[in-house]
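The following exercises are to be worked with the sequence and the structure in view. Each task is followed by a solution in steps.

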Amino acid sequence: DALAGALVAELPRTPTMADGTDSGLDELGNMKTFGIEIAGSKRAMRDARLNIETYDFAYLDPVAGNLPGKLVAPPWSPAAVSAHTNAVFVATFLRDVLKRNNIDNMGGRMVSTVNCVVKRFEQPPPGSKVWLNACWDGTQMLYGQAQFDGKPRSLASSLTVVAHELFHGVTGSAARLLYLGETGALNGSYSDIFGTI
């Protein structure tokens with residue numbers, strides 16, 4: 001409604017798609033239930049209600065391009081389940097506690113890509129699945145992985161990491177910091193605070 005600003009009707013984004021739920025194990029071995037998109041017999045890790053999507057980069061280097069990667073489909077990987085469910089947790093916190101509609105406050109997409117290995121700066125050995133980093137690249141989340149008990153574990157397994165990195169997006173869209181002096185430290189501090197909260 002142009003006068004009152006109230007929502008008159010909510011229509012599905014894609015009429016041929018349906019929202020549903022599924023469940024899978026996260027990186028910590030916990031069973032999680034999450035929103036998915038269903039199109040015929042195909043299912044994908046896209047939560048239309050919260051506008052959250054999760055992709056897999058198959059241990060390639062995101063610096064080389066082709067982001068966001070391949071939209072995750074069953075079987076659900078633990079890394080994708082962790083990224084997706086933790087992003088849902090953060091989006092729900094943004095909406096319910098901060099009264100903010102996703103990162104941009106306009107319900108914009110929240111995209112996560114798991115299984116990234118940046119090679120240009122760190123020179124991991126060939127075939128390495130380790131990239132000890134997670135970052136907000138200005139448009140989406142990228143998650144690397146660390147070795148735990150001899151196997152790679154996504155940094156998306158940590159809600160604190162997910163909240164910290166996604167809040168860089170909130171700060172970027174809300175604060176409009178000019179990167180002079182200590183503004184990078186302020187941005188990092190805001191993410192630390194909200195990651196902890």
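The model is predicted.

**Exercise 1. Backbone geometry in the loops**

Task: Locate Asn105, and state what phi Asn105 has.

Solution. 
- Step 1. Asn105 lies in the loop between H1 and S7.
- Step 2. Its phi is near 65°, a positive value in a residue other than glycine.
- Step 3. Most residues other than glycine have a negative phi.
- Step 4. With a relative accessibility of 38%, Asn105 counts as partly exposed.

Task: Determine where Asp149 is placed and whether Asp149 is buried or exposed.

Solution. 
- Step 1. Asp149 sits in the loop between strand S9 (141-148) and strand S10 (151-154).
- Step 2. Although Asp149 is not a glycine, its phi is positive, at about 55°.
- Step 3. The cut-off for exposed is over 50% relative accessible area; Asp149 has 77% relative accessibility and therefore counts as exposed.

Task: Identify the residues joined by a cis peptide bond with omega near 15° and those joined by one with omega of about 0°.

Solution. 
- Step 1. Most peptide bonds are trans.
- Step 2. The bond from Leu67 to Pro68 is cis, with omega near 15°, and Pro68 belongs to the loop between S5 and strand S6 (70-71).
- Step 3. Pro74 and Pro75 are joined by a cis bond whose omega is about 0°; Pro75 belongs to the loop between S6 and H1.

**Exercise 2. Salt bridges**

Task: State how many salt bridges the structure holds, and describe the one formed by Arg43.

Solution. 
- Step 1. There are 4 salt bridges in the structure.
- Step 2. One of them pairs Arg43 with Asp22, and the closest N and O atoms are 2.1 Å apart.
- Step 3. This pair links distant parts of the chain, since Arg43 is in strand S3 (residues 42-44) and Asp22 in strand S1 (residues 18-25), 21 residues apart.
- Step 4. Buried means under 20% relative accessible area; Asp22, with 17%, is therefore buried, whereas Arg43, at 33% relative accessibility, counts as partly exposed.

Solution. 
- Step 1. Arg46 and Glu37 meet through their side chains in a salt bridge of 2.7 Å, N to O.
- Step 2. Arg46 is partly exposed at 22% relative accessibility, and Glu37 is buried at 11%.
- Step 3. A salt bridge of 2.9 Å, N to O, brings together the side chains of Glu53 and Arg109.
- Step 4. That pair links distant parts of the chain: Glu53 is in strand S5 (residues 52-60), and Arg109 is in the loop between H1 and strand S7 (110-116), 56 residues apart.
- Step 5. Glu53 counts as buried at 6% relative accessibility, while Arg109 counts as partly exposed at 47%.

**Exercise 3. Helices and surface**

Task: Describe how helix H1 and helix H2 pack.

Solution. 
- Step 1. Helix H1 (residues 78-96) and helix H2 (residues 159-174) pack at an angle of about 55°, and their axes are 9 Å apart.
- Step 2. H1 is therefore oblique to H2.
- Step 3. H1 and H2 have a right-handed crossing.

Solution. 
- Step 1. Leu186 has a relative accessible area of 38% and is partly exposed.

Technical notes:
Residues numbered from 1 in each chain as written. Predicted model: local features only at pLDDT ≥ 70, side-chain atom pairs only at ≥ 80, totals over all residues. Heavy atoms only, no water. Buried < 20%, exposed > 50% of the residue type's maximum accessible area, 1.4 Å probe, protein only. Axes fitted to C-alpha atoms, helices over the stretch in contact; angles between N-to-C directions. Helix = DSSP H or I, 4+ residues; strand = E, 2+ residues; numbered from the N terminus. Parallel < 35°, antiparallel > 145°, perpendicular 65-115°, else oblique. Left-handed = near helix turned anticlockwise from the far one by under 90°.
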